[in-house]
Amino acid sequence: LGDDTVYVQLTNPLSVIPQPKQRKTRKFAAVKRMLNPKDQRLKAVQERKSKKKKQKTHEGQLIKEVKKTPSELFFKYNSSLGPPYHILVDTNFINFAIQNKLDVFTSFMDCLLAKCVPIITDCVMAELEKLGPKYRVALRIAKDPRFERLPCQHKGTYADDCLVNRVNQHRCYIVATCDKDLKRRIRKIPGVPIMYISQRRFSIERFPDVNNAPST
């Protein structure tokens, strides 16, 4: 035709813009792996099950082992406690007595109104030696000959477990400590008094014969 017209083909503008690819989420169920049958974790579970099966039985009934109550206990009253009182001293008790400017030996007498034998174990002495020069005064007091030394035959120097085990075996001790965790553990053992420092003097818990004992 004689026209110089140019025809342009229109395209969709959205098709020109590159669209981002969709990320495929990883399916965790597809990646689940099986444990090796020789795995140590499976062996531990099997050993527990085998121990439960091997429980003692008598005529088809399970035999339950009940802890024997100590003979010196009359309900919660401990008849084996009497003067001279044997007091197991914890690591922090001596340090708290120094901070409150209390003489350990005279304060024991003022609290219990009787003769007292303070006892310190090897693990308590080892803890005081590990604490360094900051506790050198407490270490010097612990080495006093008036303290009775009790040897330890267990491994390690953790004093809390040692004191709890000794009190469980022999209910003839008073435990002197200011540690909250240790006091909580000893309260679960009937017939064992706890000595602590309150209002700049020694007080005793679960010991009704003493005037300084709290009313609770």
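Visitor: How do helices α7 and α8 lie to each other, roughly parallel or roughly antiparallel?

Guide: This is a predicted model, in which local features need pLDDT of at least 70 and side-chain atom pairs count only at pLDDT 80 or more, whereas totals for chains, interfaces and linings use all residues. Residues are numbered from 1 along each chain as its sequence is written, and side-chain values use heavy atoms, with hydrogens and water left out. Helix α7 (residues 159-169) and helix α8 (residues 180-187) pack at an angle of about 20°, with axes 11 Å apart; axes are lines fitted to C-alpha atoms over the stretch in contact, and angles run from 0 to 180 degrees between N-to-C directions. The two helices, α7 and α8, are therefore roughly parallel to each other (under 35 degrees; over 145 is roughly antiparallel, 65 to 115 roughly perpendicular, and the rest oblique).

Visitor: Which residues of α7 and α8 make the contact?

Guide: With contact meaning heavy atoms within 4.5 Å, α7 contributes D160, D161, L163 and V164, while α8 contributes L182, R185 and I186.

Visitor: How many helices and strands are there in the protein?

Guide: Helices (H or I, at least four residues) and strands (E, at least two) are DSSP runs, numbered from the N terminus, and the protein has 8 helices and 10 strands. Of the contacts with a separation of 6 or more, 62% join residues 24 or more positions apart.

Visitor: Is C111 buried or exposed?

Guide: Buried means under 20% relative accessible area, exposed over 50%, and partly exposed in between, using a 1.4 Å probe and protein chains only. C111 counts as buried because its relative accessibility is 2%, and C123 is likewise buried, at 3%. Across the 216 residues of the protein, 34% count as buried.

Visitor: Where does G82 lie?

Guide: G82 sits in the loop that runs between β4 (77-78) and β5 (85-89), and its relative accessibility is 25%, so G82 counts as partly exposed. Although G82 and K115 are 33 residues apart along the chain, their C-alpha atoms are separated by 9.6 Å.
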